[in-house]
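Visitor: Could you walk me through this structure, taking a few residues and elements in turn?
Guide: Gladly; the sequence and the structure come first, and the questions follow.

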Amino acid sequence: MRLSGALLALLGTAPFSVAIPIISSPAQGTSVAGGATFTVSWTDDGTAPVVADLTSFTLQLTAGTSTTNAVVWAAALTTFAASPAGLAVTIPPTTSGSSPNAYYWTMISTAAAGGTVTTYSTRFSLTGMTGVFPAAVTAVLPVSGATAAVPANVNAVAGQAAAAGTAASGAWGTPYNLQTGLTKYAPMQPVPPTAITATNTAPLWPTSSVAFASTFLPIPSIVTTLTQANTFSISSHANTAAAASSPTNDMQRFLARWKDE
């Protein structure tokens, strides 16, 4: 049976679906001792194509609620070829604080077709932690329990409608210091609002170390950096207000010159 041109066009615009790795371990509500090595595991959710069509990922330990949170530790960028179903991690006790069910994993996976899939684990606890939470996270702890909400998964793979989601989606969703390859992606900086209403002052990304060169450095491997296009729009119009009146004599002009505005 021959498909019509209209049907082929419709199929060409159908959303591209990608498998989503669902984090299954640590299980919801479990506790892990700080400093102990444990495995973060995930399974394919059954959506075609398979997880094999994802190339690399990063795991970020996140603390807080679904809306007020901070990344307190991040694993190095890893390929699915090297770790297809899990990654062993060790969280130093000094990384952050202890609070029941305060933690969940953020997993950012890069697809071979372009774009990323961001998934979140259920909540778990880290015990014996000797560090402190970021101030904004401390303000919202403790959470209501192991079933407290985490952020919704974001499927931003190239070619599907969901890719038009948040400003940080796609290739620009991976922290700059965790990106690898010949091209790096610099996100668009946020536009200042007309009033300060935000109360979350936690850093958007974890800090990165700085090493000063003591010998000649190798030739850089990064070929180019792409800056994200504008994620906002502006509008303007002519100022229709009447001009202010001017002084009419020399003394008024002299006094107006030194007048505080």
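Visitor: Does Thr65 count as buried or exposed?
Guide: In this predicted model, Thr65 is placed in the loop between β4 and β5, and, leaving aside neighbours within four places in sequence, this residue is in contact with Tyr104, Arg123, Val140 and Val143. Buried means under 20% relative accessible area. Because the relative accessibility of Thr65 is 19%, this residue counts as buried.

Visitor: Which element gives the most residues to the largest nonpolar core?
Guide: The largest nonpolar core has 36 residues, and those with the most contacts inside it are Val40, Trp42, Leu59, Leu61, Tyr103, Trp105 and Leu126. At least two residues of this core come from each of β3 (37–44), β4 (54–64), β5 (69–74), β7 (86–90), β8 (103–111) and α2 (135–138). With five residues, the element that gives the most to this core is β4.

Visitor: Which tryptophans does Leu59 touch, beyond residues up to four places away in sequence?
Guide: Leu59 is one of the residues with the most contacts inside the largest nonpolar core. Not counting residues up to four places away in sequence, Leu59 touches Ile23, Val40, Ala74, Ala75, Leu87, Thr106 and Met107, and among its partners are also the tryptophans Trp42, Trp73 and Trp105.

Visitor: Is Asn101 buried or exposed, given its backbone angle?
Guide: Asn101 lies in the loop between β7 and β8, and its phi is near 60°, a positive value in a residue other than glycine. Since the relative accessibility of Asn101 is 12%, and buried means under 20%, this residue counts as buried.

Visitor: What is the omega of the cis peptide bond that joins Leu141 and Pro142?
Guide: Two cis peptide bonds can be described here, beginning with the bond that joins Ser25 and Pro26, where omega is about 10°; Pro26 is found in the loop between β1 (21–25) and β2 (31–33). Pro142, for its part, lies in the loop between α2 and β11 (154–157). The peptide bond from Leu141 to Pro142 is cis, with omega near 0°.

Visitor: What separates the C-alpha atoms of Gly34 and Thr90?
Guide: Gly34 lies in the loop between β2 and β3, and, leaving aside its neighbours within four places in sequence, Gly34 is in contact with Ile91, Pro93, Thr127 and Met129. Although Gly34 and Thr90 are 56 residues apart along the chain, their C-alpha atoms are separated by 7.7 Å.

Conventions. Residues are numbered from 1 along each chain as its sequence is written. This is a predicted model: local features need pLDDT of at least 70, side-chain atom pairs count only at pLDDT 80 or more; totals for chains, interfaces and linings use all residues. Side-chain values use heavy atoms; hydrogens and water are left out. A nonpolar core is a set of buried Ala, Val, Leu, Ile, Met, Phe, Trp, Tyr and Cys residues joined through side-chain atoms within 4.5 Å. Buried means under 20% relative accessible area, exposed over 50%, partly exposed in between (1.4 Å probe, protein chains only). Helices (H or I, at least four residues) and strands (E, at least two) are DSSP runs, numbered from the N terminus. Contact means heavy atoms within 4.5 Å.
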